[in-house]
Structure formats: structure tokens, C-alpha cells
Amino acid sequence: MTQINQISIQNFRNCGHLHCDLSAGLNLIIGDNAAGKTSLIEAIWVLATGRSFRTAKSQHLIQRDFESSTLFAEVTSSHSRHKMHRLGLQKSLTQTLLRLDGETLKSQAALAQLLPVQLLTPESHKLLEEGPKARRQFMDWGCFHQSPEFMPLWRHYQRGLKQRNYALKRHLPKVQVQLWDQTLVENALKIDLIRQRYLERLTPYLITFCQALMPEIKEEVVCQYRAGWPKATEDLLALYADSYQKESHLGHTQYGAHRADIRFKFGTQEALNTLSRGQQKLFVCALLLAQASLHEKVLQEPVIMLIDDLPAELDETHRRKLLELLQILNIQHVITSTSASLIPILNPETTRVWTIDSGQLSLQS
Ligand SMILES: Nc1ncnc2c1ncn2[C@@H]1O[C@H](COP(=O)(O)OP(=O)(O)OP(=O)(O)O)[C@@H](O)[C@H]1O
Ligand SMILES: [Mg+2]
């Protein structure tokens with residue numbers, strides 16, 4: 001089991017001092033608007049990923065009139081054969097310090113491995129309607145956890161891309177731009193294979209969860225993967241060479257793994273054009289459920305599901321169905337809501353209910 005046993009938060013948003021011993025099952029946090037629900041979910045996300053889903057600026061995360069925020073969690077992780085770990089993160093205006101079991105860390109990757117978290121917020125439907133970045137991040141989350149070679153490849157690719165873009169931006173001669181092509185293409189093709197394999201594995205789970213959450217849709221969902229270069233390309237290196245004029249004019253690399261995307265379709269219709277807003281939310285829930293199930297199946301390692309403001313825009317029937325499916329997954333959940341209406345649907349044996357007010361948590365049951 002991967003779970004957060006306890007979490008302590010200091011001077012993060014409106015949480016001055018917050019400590020809680022979480023249930024290994026479902027934790028429901030109930031609070032009014034501005035009570036601190038999203039802040040709590042955000043704190044766990046920041047500890048696991050190093051960044052916020054609301055802001056890029058540390059000053060917004062640090063409680064007003066304080067100089068730093070500290071987050072601490074005691075975690076049991078399947079990734080390290082169920083060992084207990086102490087994870088710490090301190091953010092000041094100028095730096096982020098990471099600690100694992102008393103040692104200082106240079107990169108976030110070790111914390112992300114120990115604490116695989118998934119996030120659903122009222123903004124999550126944007127995964128469908130916004131640009132490809134969010135869809136790439138979704139896909140790459142799975143690639144990162146399932147293929148240890150993915151992260152080094154991606155970093156290597158990014159470094160090459162940065163250099164190549166620099167050369168293009170300065171309109172350097174073709175030979176200088178081409179210095180980077182070989183490694184960029186090699187890494188892009190490897191990244192491409194990992195992504196394809198991941199989506200192939202994910203799709204059957206996605207089909208199952210879409211059918212369970214939206215039985216009214218008769219067509220099966222189809223994931224169309226786009227590599228980041230034209231489908232008919234046989235030689236990516238040649239494509240790079242041929243694109244020099246145009247790319248030098250644009251000042252950046254037009255094709256590559258950094259431009260990958262996924263199109264989701266039901267029959268011939270794009271998901272975005274055919275689903276209602278509520279269905280879009282359910283679809284994103286299906287994506288996360290599929291990802292969590294695949295993660296468990298392949299790595300025998302449960303993820304932790306963070307859900308902010310669960311009932312938003314879902315009707316009673318779909319909300320019940322979603323909670324039923326979440327609870328079947330048998331993983332740890334931290335779910336926030338403004339209303340107590342979810343309580344009767346939850347399994348009392350595995351659920352802990354908390355209320356939050358002005359950044360202070362109290363255990364209800
Ligand atoms: N850096 C900060 N320092 C102090 N307070 C902050 C800081 N950032 C945000 N807040 C405040 O924290 C409070 C809690 O915000 P949060 O978004 O967590 O509320 P919420 O419970 O999720 O509300 P809602 O139901 O409206 O989504 C708000 O009053 C907000 O103004
Ligand atoms: Mg909120």
C-alpha cells in the first residue's frame with residue numbers, strides 16, 4: 001500500500017499549523033468556501049510534485065506575513081517495499097529545500113516516485129479543451145512511473161531542444177542547428193515508443209471506466225496518439241533538415257516529442273465536441289481511474305487520489321457511481337467537498353471525515 005500516514009503543514013496559504021493522521025482509505029474534508037480545502041489538496045500536491053496547480057509563484061503559497069512554508073509527510077510506499085519515509089519540503093521566496101529521511105535532495109524525482117499522486121479539480125476538464133500540454137503531462141505521468149528510462153530520455157531531449165531552439169532563434173547557419181538533430185531524433189523516437197506503449201496499455205482500462213461512468217454513450221472511446229510530427233514521416237532526421245528554412249524563420253523547432261498530443265474520440269466525434277460539461281468531467285475521472293488501475297496492475301503500486309470539490313457539476317447518480325468506482329480501487333483518497341451529502345454513500349469502515357475551517361482541521365468520525 002502507498003499511503004500518507006500523516007501530514008503536517010506550516011504557514012501554507014491559510015493553514016498556519018495543520019496536522020492530520022489520514023485514513024488509509026477515504027478521507028473526506030468538508031468545509032465552506034475559503035475554509036482551506038483546496039489549500040490542503042495543493043499542499044499534498046506540492047510535496048509530491050514540487051509545484052502547485054494554482055500558481056507558479058512561491059509567494060502565493062507562503063502564508064501572508066511569513067517567510068517560508070513547511071510541508072512534512074510520513075509516507076508508506078510500495079515503491080520502496082512498504083518502507084516508511086519522511087518527506088519534507090520547505091519553500092521560501094528564493095528557494096525550495098527537499099528532504100527525504102533526513103537527507104537533503106537535489107531533485108524532486110525521488111519524492112514523486114515515493115508519492116505517486118493523481119489530481120482531480122474543478123478545472124480538470126481543461127485537459128480536454130486546452131492545448132496539448134496537459135494531455136502530454138497526463139501521458140508522461142504514466143510513462144515516468146512505468147518506464148524508468150523515460151525521465152533521463154526526456155531531460156536529454158529537453159536539453160537538446162533548448163540548444164537547437166537557441167541556434168534557430170539566433171538564425172545560426174544550418175550546420176550549427178543540425179548539430180543537435182541526431183540526438184534529438186534518437187531521443188524523440190525512444191520517447192515516442194514509450195508513449196505509444198503506455199497508451200496502448202491504458203486504452204482498455206479507459207474503455208471500461210467510460211462505459212461504467214457514462215453507459216449512455218454507446219460508442220467506445222478511441223485514443224488517437226499524435227507523435228509530434230506528421231504521420232507519414234519516414235525519416236525524422238530528413239524532416240528536420242528539410243524544415244531548416246521555415247524553422248529558422250519561426251525561431252523554434254516545429255516537430256518533435258515536445259509537440260505530441262492525444263485526441264480522444266467517441267466513434268468519429270471528438271470527445272470535446274460530443275460530451276456535455278458534466279460528461280467531460282466524468283471522462284477526465286475515467287482517465288484518472290484508468291491510469292490508477294493500470295499503475296496498480298503494472299507496478300503493484302497504488303496511487304493516492306486527490307479530489308478537490310468532488311460534487312461540482314455531477315448529478316447524484318454519477319456522483320454515486322464515481323465514488324463506488326473510487327472505493328473499489330482500494331487506494332487512499334483525499335476528497336474535499338462543501339457539503340456533507342457524500343457521507344451516506346461512503347464505507348464507514350474505511351472513511352475518515354474531517355471538517356476544515358480557517359485552515360484548521362477537526363476530525364468528525
Ligand atoms: N498566501 C496566503 N496567505 C494567507 N491566506 C491565503 C493565501 N493564499 C490564499 N489564502 C486564503 O486562503 C483561504 C482558503 O483558500 P482555499 O482556496 O483553500 O479555499 P477553499 O476551501 O478551497 O474554498 P472554495 O470552496 O471556495 O474553493 C482563502 O480565504 C484565501 O484567500
Ligand atoms: Mg477550493
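**Sheets, cores and salt bridges in the predicted model**

Strands β9 and β10 (residues 261–266) are paired in the antiparallel sense through six bridges. Within this pairing, valine 222 has lysine 265 of β10 as its bridge partner. The two strands belong to an open sheet of three strands, ordered β9-β10-β11 and paired antiparallel. Helix α8 lies across β9 and β10, and runs at about 165° to β9. These descriptions, like those that follow, refer to a predicted model.

A second sheet is open and consists of six strands in the order β8-β12-β13-β3-β14-β15, with mixed pairing. Its edges are formed by β8 (117–120) and β15 (360–363); each has a single partner strand, so one side of each lacks a neighbour in the sheet. From one strand to the next, the twist averages 20°. At one end of the strand order, β14 (residues 351–357) and β15 run antiparallel and are joined by four bridges. Tryptophan 354 stands opposite leucine 363 of β15. Helix α12 packs on this sheet, where it touches β8 and β12 (304–307), and its direction makes about 170° with that of β8. Helix α13 (residues 316–328) lies across β3 (26–30), β12, β13 (332–337) and β14, and runs at about 155° to β13.

Within helix α12 (residues 277–299) is found glutamine 280. With a relative accessible area of 6%, glutamine 280 falls under the 20% limit and is therefore buried. Leaving out residues up to four places away in sequence, glutamine 280 touches His125, Leu128, Glu129, Leu272 and Leu275.

Nonpolar side chains tend to be buried together in soluble globular proteins. In the present model, the largest nonpolar core comprises 75 residues, and those with the most contacts inside it are Tyr157, Leu206, Leu213, Phe264, Phe266, Phe283 and Leu323. The most is given to this core by helix α8 (residues 181–213), which contributes 13 residues. Since domain 1 (1–116 + 301–365) and domain 2 (128–300) both give residues to the core, it lies between them. Tyrosine 157 touches Leu184, Asn187, Ala188, Ile191, Tyr240, Tyr255, Gly256, Ala257 and His258, when residues up to four places away in sequence are not counted. Another core, of 37 residues, lies apart from the largest one and has Cys20, Ile29, Leu40 and Leu61 among its members.

Side chains of opposite charge can pair when their charged atoms come close. The model contains twelve salt bridges. In one of these, the side chains of arginine 135 and aspartate 261 meet at 2.6 Å, N to O. This pair links distant parts of the chain, as arginine 135 lies in helix α5 and aspartate 261 in strand β10, 126 residues apart. Both arginine 135 and aspartate 261 are buried. A further salt bridge brings together the side chains of glutamate 247 and arginine 164 (2.8 Å, N to O). Glutamate 247 is located in helix α10 (residues 244–250) and arginine 164 in helix α6 (residues 150–169), so this pair ties together parts that are 83 residues apart in sequence. Glutamate 247 and arginine 164 are likewise both buried.

Lysine 321 and glutamate 324 also form a salt bridge, with their closest N and O atoms 3.3 Å apart. Because lysine 321 and glutamate 324 are three residues apart in helix α13, about one helical turn separates them. Lysine 321 is partly exposed, with a relative accessible area of 27%, and glutamate 324 is partly exposed as well, with a value of 41%. Elsewhere, Arg13, Glu42 and Arg54 are joined into one network by salt bridges that share partners.

Helix α5 (residues 132–146) also holds aspartate 140. The relative accessibility of aspartate 140 is 11%, so this residue counts as buried, for which the limit is under 20%. Apart from its neighbours within four places in sequence, aspartate 140 is in contact with Phe150 and Arg195.

Technical notes. Residues numbered from 1 in each chain as written. Chains lettered and ligands numbered in written order. Predicted model: local features only at pLDDT ≥ 70, side-chain atom pairs only at ≥ 80, totals over all residues. Heavy atoms only, no water. Buried < 20%, exposed > 50% of the residue type's maximum accessible area, 1.4 Å probe, protein only. Contact = heavy atoms within 4.5 Å. Core = buried A, V, L, I, M, F, W, Y, C linked by side-chain atoms within 4.5 Å. Domains from an automatic or database assignment. Pairing = 2+ DSSP bridges. Axes fitted to C-alpha atoms, helices over the stretch in contact; angles between N-to-C directions. Salt bridge = Lys/Arg side-chain N within 4 Å of Asp/Glu carboxyl O.
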